[in-house]
Structure formats: C-alpha cells, structure tokens
Amino acid sequence: QIGRVPAGLADTWNRKRLSEETLKLLTQDGAAIRAAMITHVVPFDEAPAFLSHLIEHRPEFLQIVFEIPS
C-alpha cells in the first residue's frame with residue numbers, strides 16, 4: 001500500500017519512482033513480505049462468513065486478503 005512520501009522528499013520520490021521501487025521490492029522479497037504481513041488469505045466466497053467472524057470474535061490480524069478464484 002503506497003500513497004505518498006513526506007513533502008520534503010516529493011521531488012525525488014515521485015509516484016512513478018515510488019511505484020517502480022515498490023515493484024522491485026515485491027519482486028525481490030515478495031514471498032518474505034507476504035509471510036510476515038498477510039496473516040489471513042480467505043477465499044472470496046467465504047468473505048461474508050469471515051467478516052462476521054472478524055466482528056464477533058476479533059481475532060488478531062495484520063492484513064487480510066480475499067482471494068478471487070481464477
């Protein structure tokens with residue numbers, strides 16, 4: 001999730017560069033980032049039940065991804 005950089009760095013970190021560097025990072029270390037940051041991968045069809053569970057039981061999580069079948 002990228003959006004912007006501090007105002008003082010905006011001249012050197014424009015959106016294009018920020019996007020390019022993010023893609024490089026994900027290409028290089030994506031598996032490790034995924035393992036450390038995404039705590040739940042939920043099939044899209046199970047999303048409503050999972051959200052109910054999330055509201056009712058408040059499990060700990062960092063990032064939840066809803067997986068759409070291909």
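## Exercises on a predicted chain

Phe50 is buried, with a relative accessible area of 13% (buried means under 20% relative accessible area, exposed over 50%, partly exposed in between; 1.4 Å probe, protein chains only). The structure is a predicted model, in which local features need pLDDT of at least 70, side-chain atom pairs count only at pLDDT 80 or more, and totals for chains, interfaces and linings use all residues. Residues are numbered from 1 along each chain as its sequence is written, and side-chain values use heavy atoms, with hydrogens and water left out.

**Exercise 1.** Find the aromatic pair in the structure and state which elements it ties together.

*Solution.* 
- Step 1: apply the criterion that rings of Phe, Tyr and Trp (its six-membered ring) pair if their centres lie within 6.5 Å, with planes under 30 degrees apart counted as stacked, over 60 as edge-to-face and the rest as tilted. Over the whole structure, the search returns 1 aromatic pair.
- Step 2: the partners are Phe50 and Phe66, 6.5 Å centre to centre with 80 degrees between the planes, hence edge-to-face.
- Step 3: Phe50 lies in helix H2 (residues 47–57) and Phe66 in strand E2 (residues 64–67), so the pair links parts 16 residues apart in sequence. Helices (H or I, at least four residues) and strands (E, at least two) are DSSP runs, numbered from the N terminus.
- Step 4: Phe66 has 32% relative accessibility and counts as partly exposed, whereas Phe50 is buried.

**Exercise 2.** Describe the surroundings of Leu25.

*Solution.* 
- Step 1: Leu25 belongs to helix H1 (residues 15–37).
- Step 2: its relative accessibility is 42%, so Leu25 counts as partly exposed.
- Step 3: setting aside neighbours within four places in sequence, Leu25 is in contact (heavy atoms within 4.5 Å) with Gly30 and Ile33.
- Step 4: Val42 is 17 residues from Leu25 along the chain, and their C-alpha atoms are separated by 24 Å.
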